Amino acid sequence: MLVLGLETSCDDTGVGIVDAEKNIRANVVASQLAAHKPYGGVVPEIAARAHLDVIDDAIAEALKTAGADFSDLSAVAATTGPGLIGGVMVGSMMGKAISAVCRLPFISVNHLEAHALTARLTNNIDFPYLLLLASGGHCQLLLVRGVGNYRLLGTTIDDAIGECFDKCAKMLGLGYPGGPLIEEAATQGNRKTFALPRPMLGRQGCDFSFSGLKTSVRTALAGKELTPSLVADMAASLQAAIADSVADRARKAFAMLKVQDEAVTAFVAAGGVAANRTLCARLTSIAQENGVTFVSPPPRLCTDNGAMVAWAGLERFRLGLIDTLDIRARPRWPLEEVRGMQK
Ligand code: KG4
Ligand code: ZN
């Protein structure tokens, strides 16, 4: 069984092909970084056009890498939301066109569900598991009970975690996307230099907040010259503050699940920010404290890619969760609203 997956919800054009034995047969990612760089963030209109420019070639390349033809495919999956609507439409229309022409089942994939299920492609994780979904647009703790069966435990009340990394990186003159650049700069810095707040520490529940932290970074930098050592120290201090805050929220999520008698098999981190090694090290010890393993997919599968969409499509296809071609692209689509089997 081979499934093709198309990802176009943000600034990466991703085309992946996976099989049921968890082999990633192809995972082509065409980044638009250069096109957005002058603007310091993703420009939706530029993103949509860039997806359109490269998606044909990316599909051809993925098929070639997999040594497959359209006729070898069992289904085609595409991200139909949430995300920048112009880009989402490019990928979903392409998926529907392939489905119609090649008479293949079409699977509509929620981008967040693709991140959420990636750990089942890379590791043998069983349901239910606790998930930290940490990306450029989201920061949530969820109980993943099954395909299409998600319970939200906590979410950010303001900025997303990746947004915090990206905006602070911009203040530090590091460029975009900020997360990997902050992680790199932090290796040369002292995390104790700046006493930044730990948002939500000790608060009830497991919601997140990052906008205050961003403001504290701005205040701490005011009037200072951005020398390499100052940038490194701030990057390390910020990364430590984020890791402390997320660790506290994850502990609270485990405590909540315990009270509610909900056992989990693992603690999974997914989404672009889950590529951060300092954060993952903290989350590993929290998983250990709670007697479960910690899993985070390799960085290239944490950030947006087509293989995760193909895998989510394959998981849905196996359960008979096939969609019709009149399904609409959705800019907003919370994970709890995804259709599943067990509801
Ligand atoms: O999942 P993703 O590729 O796209 C979205 O769906 O948002 O996540 C992108 C986000 C960006 O904010 C980027 O700065 C962040 O993930 N990111 C990281 C790292 N790598 C990517 N943040 C912290 N540390 C990293 N190593
Ligand atoms: Zn993403």
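1. By class, how many nonpolar, polar and charged residues does the lining of the second largest pocket have? The lining has 4 nonpolar, 3 polar and 5 charged residues, where Ala, Val, Leu, Ile, Met, Phe, Trp, Tyr, Cys and Pro count as nonpolar, Asp, Glu, Lys and Arg as charged, and the others, Gly among them, as polar.

2. The model is a predicted one, in which local features need pLDDT of at least 70 and side-chain atom pairs count only at pLDDT 80 or more, whereas totals for chains, interfaces and linings use all residues. Residues are numbered from 1 along each chain as its sequence is written, chains are lettered from A and ligands numbered from 1 in the order in which they are written, and side-chain values use heavy atoms, with hydrogens and water left out.

3. The second largest pocket has a volume of about 170 Å³; a pocket here is an open set of points on a 1 Å grid over the protein atoms alone, where a 1.4 Å probe fits, with protein on both sides within 12 Å along at least five of seven lines, and lining residues have an atom within 4 Å of a point. Its lining includes Glu183, Arg191, Asp244, Arg277 and Arg282, and the largest share, 5 residues, comes from α8.

4. The largest pocket has a volume of about 1,400 Å³ and is lined by 49 residues, of which Cys10, Ser135, Gly136, Gly137 and Asp304 lie nearest its centre. Among the elements that give two or more residues to this lining are β3 (24–31) and α4 (111–122), while α5 supplies the largest share, 6 residues. By class, this lining has 20 nonpolar, 18 polar and 11 charged residues.

5. The zinc ion (ligand 2) is coordinated by His111 (NE2), His115 (NE2) and Asp304 (OD), at 2.0 to 2.1 Å; donors are N, O and S atoms within 2.8 Å of the metal (3.2 Å for Na, K and Ca), and water is not among the atoms, so the site may look incomplete. Asp304 is also one of the residues nearest the centre of the largest pocket. His111 and His115 both lie in helix α4, 4 residues apart, about one turn of the helix. His111 is buried, with a relative accessible area of 7%, and His115 is buried at 1%, buried meaning under 20% relative accessible area, exposed over 50% and partly exposed in between (1.4 Å probe, protein chains only).

6. A search of the whole structure finds 0 disulfides, a disulfide being a pair of cysteine sulfur atoms within 2.5 Å. Cys280 is in no disulfide, and the nearest cysteine sulfur, that of Cys302, is 6.7 Å away. Cys280 is buried, with a relative accessible area of 13%, whereas Cys102 counts as partly exposed at 27% relative accessibility.

Key: Grid points are joined across faces, edges and corners, and a volume is the space filled by probe spheres set on the points.
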